[in-house]
Amino acid sequence: MGGEPGSPTSPGSPTKKAPPVTVAMADPAANAASKFPTNFIKTSKYNLLTFLPLNLFHQFRKVSNFYFLVNMIFALIPDVSPIHPATAVLPLLFVIGVALAKDGYEDYQRHKADNRANSMPTHVLRRRDKNDPNSEFEIVEVESADVEVGDIMQIHNGEEVRADVLLLSSTGQECSTFIDTCNLDGETNLKNRKAVEDTWHLNSPEAFRKAKLTVQTGTPSPALLHWAGLITLDGKEVAVGLDQFLYRSCVIKNTEEAWGVVLYAGKDTKMFKNLAEKPPKMSSLDHKLNWLIIGVLIGQNVLLILMCSLAVWWNGDNRDQWHLTYFIDFQTGFVLWIYRYLSYFILMSYMIPISLFVTIELCKVAQAQFMSWDHDMYEWMYEKWVHCNPNTSNLNEQLAMVKFIFSDKTGTLTENVMTYKRGDILGKTIDADNWDMSRAYMKPGSGCEAEARHYFLALALCHTIQPFDDPKHHGKLIYDGPSPDEVALVRASC
């Protein structure tokens, strides 16, 4: 009954299928027509022009700050405030100033992180003569922000991929490589990527100069587990998929060198697509304080209405007192009620203590700093000590409210470090804490010599792990692969 929903042939279809994205390798002129974004990324919330207005708007979303702003305005009206206006202005300025300083510092750290990410050195192939499409390629080092769609990128072992890249070749076995996607999905196990056989020869500037390659793929998408494309290499079409896709921010592992062509850059990368803009965060404590303040404000206004009405009644009841006539006649009726309301509002503003909010803001900043200093939260990762790094101090108290954690697997909550502990050979225990006894089972006369050898041989052979030379201790092998379980078993067998 008609075409599929969303297809051009479907009657009344509100959308049309997005046209494919075509990327020409090392051809800036052809790619310019598509107006691809630059590789510059920005995760900070503010700049010098927007920081003050946007942050003030966020601060006055809190009922307490808005309340004290109204109180300050009332205190600045002549003949209304019974106290000096400075007593209403200075505390509010202090509270807002502390909040601005805290948010400004946190956003400054985001700017520094952005600058580091945008200035990371990246090796790409560029033609010696930009105006000659047949000139030779040379390897140049550019900043990450200057990488363009269609660039040929050279990636070395241990480097982060600075854009979404299609793998063309590598120095690994059968042009395969491993990637660490911990920065994207938190997974610590390595994932295997392998170039299609038709592009294995593209592994040098000279080979790229002789090749003409274009890639047809879909529009940028945040899906990390789905990608497909079609490459045309010297007139031959070859299908490619996720097995050839390298994400931005993934790290190349156990491969000396890899080559690829940039498909998506900057805000089009899958990493950036998953960094959806989030609204300013407000903790449940702030929400609760807002409702409590509204309750106090309602009670305060009930008292204000009663007191102002009594003031008008008292003035009318004492008009015959000759010594009060001047003061009573100065303000009467509704005008008197309004003036009394403003004056009493300022006097009763201490029902909501501003010092409470000053203390809360200072405590949050101190707590975030203590968390980053806490030695119990240090972890040895990537050959260095990594400390806790709170990105915001607005949600500290939320940590104490966690009651249940739902997880799909243990690696989400634990280190996902697998270690061989125990095994069994014909009722005899293999104990990782006593390897001398366990190895004795393979000696003649143990009663299970053949079975023990077959046991450890099976652990050493039935896996997808690959051995690599340890760059820090040449001659020593390290074992790595997509499964930490298999790595633990192979290490135990060897």
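This is a predicted model: local features need pLDDT of at least 70, side-chain atom pairs count only at pLDDT 80 or more; totals for chains, interfaces and linings use all residues.
Helix axes are here lines fitted to C-alpha atoms over the stretch in contact, and the angle between two of them runs from 0 to 180 degrees between N-to-C directions. The axes of helix H3 (residues 63–75) and helix H10 (residues 333–347) come within 10 Å and cross at roughly 125 degrees. Since angles of 65 to 115 degrees count as roughly perpendicular and those over 145 as roughly antiparallel, H3 is therefore oblique to H10. The crossing of H3 and H10 is left-handed.

On the side of H3, the contact is made by Tyr 67, Val 70, Asn 71, Phe 74 and Ala 75, and on the side of H10 by Leu 342, Phe 345 and Ile 346. Sorted by class, the residues joining H3 with H10 comprise seven nonpolar and one polar, with no charged residue among them.

A search of the whole structure finds eleven aromatic pairs. In one of these, Tyr 67 and Phe 345 have their ring centres 5.4 Å apart and their planes at 45 degrees, an arrangement that is tilted. Because Tyr 67 belongs to helix H3 and Phe 345 to helix H10, this pair ties together parts that are 278 residues apart in sequence. Both partners count as buried, Tyr 67 because its relative accessibility is 3% and Phe 345 because its relative accessibility is 5%.

Phe 345 also pairs with Phe 74: the ring centres lie 5.2 Å apart and the planes stand at 75 degrees, so this pair is edge-to-face. Here again a residue of helix H3, Phe 74, meets one of helix H10, Phe 345, so that parts 271 residues apart in sequence are tied together. Phe 74, at 18% relative accessibility, counts as buried because the limit for that class is under 20%.

Another part of the chain may be viewed from Lys 194, which is found in strand E7 (residues 191–194). Lys 194 is partly exposed, because its relative accessible area of 33% falls between the limits of 20% and 50%. Leaving aside residues up to four places away in sequence, Lys 194 touches Leu 167, Glu 174, Cys 175, Ser 176, Trp 200, Asp 243 and Gln 244. Ser 283, by contrast, lies 89 residues from Lys 194 along the chain, and the C-alpha atoms of these two residues are separated by 45 Å.

Notes. Residues are numbered from 1 along each chain as its sequence is written. Side-chain values use heavy atoms; hydrogens and water are left out. Helices (H or I, at least four residues) and strands (E, at least two) are DSSP runs, numbered from the N terminus. Buried means under 20% relative accessible area, exposed over 50%, partly exposed in between (1.4 Å probe, protein chains only). Contact means heavy atoms within 4.5 Å. Angles under 35 degrees count as roughly parallel, over 145 as roughly antiparallel, 65 to 115 as roughly perpendicular and the rest as oblique. A crossing is left-handed if the near helix is turned anticlockwise from the far one by less than a right angle, and right-handed if clockwise. Ala, Val, Leu, Ile, Met, Phe, Trp, Tyr, Cys and Pro count as nonpolar, Asp, Glu, Lys and Arg as charged, and the others, Gly among them, as polar. Rings of Phe, Tyr and Trp (its six-membered ring) pair if their centres lie within 6.5 Å; planes under 30 degrees apart count as stacked, over 60 as edge-to-face and the rest as tilted.
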